[in-house]
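Subject: Structure handover

Hello,

Please find the structure below. My notes on what was found in it follow.

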Amino acid sequence: MPTPDFIRDIRTSIGHRLLWLPGVTAVVFDDADRVLLGKRADTGGWSVIGGIPEPGEQPAETAVREVYEETAVRVVPERVVLVESEVPIRYPNGDMCQFMDVTLRCRAIGGEAKVNDDESLAVGWFALDALPELDDYALTRIKRALEPGPTWFHGMGEQPEPEAPGLAGA
């Protein structure tokens, strides 16, 4: 994902030091209950869609914007799936970030999935029993989005990982 201008401005002052940032992840399902995934240009791996809110932007607005920018799919957010502080990460350029992720379950309402920017190498819809290789981050969010609710909060009465249809052993 390209670094937003406001973060580049902050980096001129703080260098590579840890930057605490909001993040929004969208787990998007279509009417056939397939999940929308993007093959990331930065890692080459498949994942759910996400990004950083613009200053003042609400998480639901970020989800709608990011999904459209990256995939040309129009969505409507349905509910908050989880809220979780991620572990700090260091990017290849030395920048350190830690994200507070808000994951939203979204429903596709229009558009045709396609690569719509330079953040993805490919995008596509996947049946839950035919997912490509995914990291734990994406798998956890998909599994939690398939649960009926309520919102999951890390560390609050930990529950065992959910078993979702088609995702057993994933």
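In helix 3, the buried residues are Ala-138, Leu-139, Thr-140, Arg-141, Ile-142, Lys-143, Arg-144 and Ala-145. Buried means under 20% relative accessible area, exposed means over 50%, and partly exposed lies in between (1.4 Å probe, protein chains only). Helices (H or I, at least four residues) and strands (E, at least two) are DSSP runs numbered from the N terminus.

This is a predicted model, in which local features need pLDDT of at least 70 and side-chain atom pairs count only at pLDDT 80 or more, while totals for chains, interfaces and linings use all residues. Residues are numbered from 1 along each chain as its sequence is written, and side-chain values use heavy atoms, with hydrogens and water left out.

Helix 3 covers residues 136-146, and eight of its 11 residues are buried, which makes the helix mostly covered. What do the buried residues of helix 3 pack against? Their partners are strand 1 (19-29), strand 2 (35-40), strand 3 (46-47), strand 5 (74-85), strand 7 (96-110) and strand 9 (152-153). Contact here means heavy atoms within 4.5 Å.

Strand 5 also pairs with two of these strands, where pairing requires that DSSP finds at least two bridges between the strands. Strands 5 and 7 run antiparallel and are joined by 10 bridges; Val-75 stands opposite Ala-108 of strand 7. With strand 9, strand 5 pairs in the parallel sense over two bridges, and Leu-82 stands opposite Trp-152 of strand 9.

Next, the salt bridges. A salt bridge is a side-chain nitrogen of Lys or Arg within 4 Å of a carboxyl oxygen of Asp or Glu. By this rule there are 14 salt bridges.

One of them joins Glu-78 to Arg-107, with the closest N and O atoms 3.5 Å apart. This pair links distant parts of the chain: Glu-78 is in strand 5 and Arg-107 in strand 7, 29 residues apart. Glu-78 counts as partly exposed because its relative accessibility is 43%, whereas Arg-107, at 16%, counts as buried.

Arg-144 is buried, with a relative accessible area of 1%, and Glu-147 counts as buried at 18%.

Regards
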